[in-house]
Amino acid sequence: MQVTYSVKIEGRVTGVGFRYSALNHAARFDSLYGYIRNMGYGQVESVVQGPEEQVEMMLEWLKHGPSFARVDKIMINRIPLDPTLGKFTIL
């Protein structure tokens, strides 16, 4: 089953390679769509869409990110499927 989640992450998530690490992690999965982008100092936003199992693994990774990051708060909300999303990328 295909699912889509909107994710907002706060903490030490800018200036630590969070977005590039997320892109590399997403590349492990063959069917992930969506994006990750900075929203301002200390905040990133992501949309992740794909097979439920792959999306769940990506969400688990987003809860901690790369080793230099510190996730203080994460908000995960299921949203409707978006057929316009391309392969997971950085915006």
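A salt bridge is taken here as a side-chain nitrogen of Lys or Arg within 4 Å of a carboxyl oxygen of Asp or Glu. The model is predicted, so local features need pLDDT of at least 70 and side-chain atom pairs count only at pLDDT 80 or more, whereas totals for chains, interfaces and linings use all residues. Residues are numbered from 1 along each chain as its sequence is written, and side-chain values use heavy atoms, with hydrogens and water left out.

The salt-bridge rule gives a count of 4. One of these salt bridges joins the side chains of glutamate 45 and lysine 8, with an N to O distance of 3.0 Å. Glutamate 45 belongs to strand β3 (residues 43–51) and lysine 8 to strand β1 (residues 2–12), so the pair ties together parts 37 residues apart in sequence. Helices (H or I, at least four residues) and strands (E, at least two) are DSSP runs, numbered from the N terminus. Exposure was classed by relative accessible area: buried means under 20%, exposed over 50%, and partly exposed in between (1.4 Å probe, protein chains only). Glutamate 45 is buried, at 9%. Lysine 8 is partly exposed, at 37% relative accessibility. Both residues also belong to a network of salt bridges that links Lys8, Arg37 and Glu45.

Two further pairs were found. Lysine 63 and glutamate 60 form a salt bridge through their side chains, at 2.8 Å from N to O. Lysine 63 is partly exposed, with 38% relative accessibility. Glutamate 60 is likewise partly exposed, with a relative accessible area of 44%. Arginine 70 bridges to aspartate 72, and the closest N and O atoms of this pair lie 2.8 Å apart. Arginine 70 is partly exposed, at 40%.

The packing of two helices was then examined. Helix α1 (residues 18–26) packs against helix α2 (residues 52–62) at an angle of about 155°, and the axes are 11 Å apart. Axes are lines fitted to C-alpha atoms, for helices over the stretch in contact, and angles run from 0 to 180 degrees between N-to-C directions. Angles under 35 degrees count as roughly parallel, over 145 as roughly antiparallel, 65 to 115 as roughly perpendicular, and the rest as oblique. α1 and α2 are therefore roughly antiparallel. The crossing of α1 past α2 is right-handed. A crossing is right-handed if the near helix is turned clockwise from the far one by less than a right angle, and left-handed if anticlockwise.

Contact means heavy atoms within 4.5 Å. On the α1 side, Phe18, Ser21, Ala22, His25 and Ala26 meet Met57, Met58, Trp61 and Leu62 of α2. By class, this contact has 7 nonpolar, 2 polar and no charged residues. Ala, Val, Leu, Ile, Met, Phe, Trp, Tyr, Cys and Pro count as nonpolar, Asp, Glu, Lys and Arg as charged, and the others, Gly among them, as polar.

Two residues of α1 were followed in detail. Serine 21 sits in helix α1 and is partly exposed, at 23% relative accessible area. With residues up to four places away in sequence set aside, serine 21 touches Trp61 and Pro66. The C-alpha atoms of serine 21 and glycine 65 are 7.4 Å apart in space, although the two residues are 44 apart in sequence. Alanine 26, also in helix α1, is buried, with a relative accessible area of 3%. Beyond its neighbours within four places in sequence, alanine 26 is in contact with Leu32, Met58 and Phe88. Valine 44 is 18 residues from alanine 26 along the chain, and their C-alpha atoms are separated by 16 Å.

Serine 67 lies in the loop between α2 and β4 (70–79). Serine 67 is exposed, at 69% relative accessible area. Its C-alpha atom is 9.1 Å from that of phenylalanine 18, which is 49 residues away along the chain.

Asparagine 38 is placed in strand β2 (residues 33–40). Asparagine 38 is partly exposed, with a relative accessible area of 35%. Residues up to four places away aside, asparagine 38 touches Thr14, Arg19, Gln43 and Val44. Asparagine 38 and glycine 86 are 48 residues apart in sequence, with 18 Å between their C-alpha atoms.
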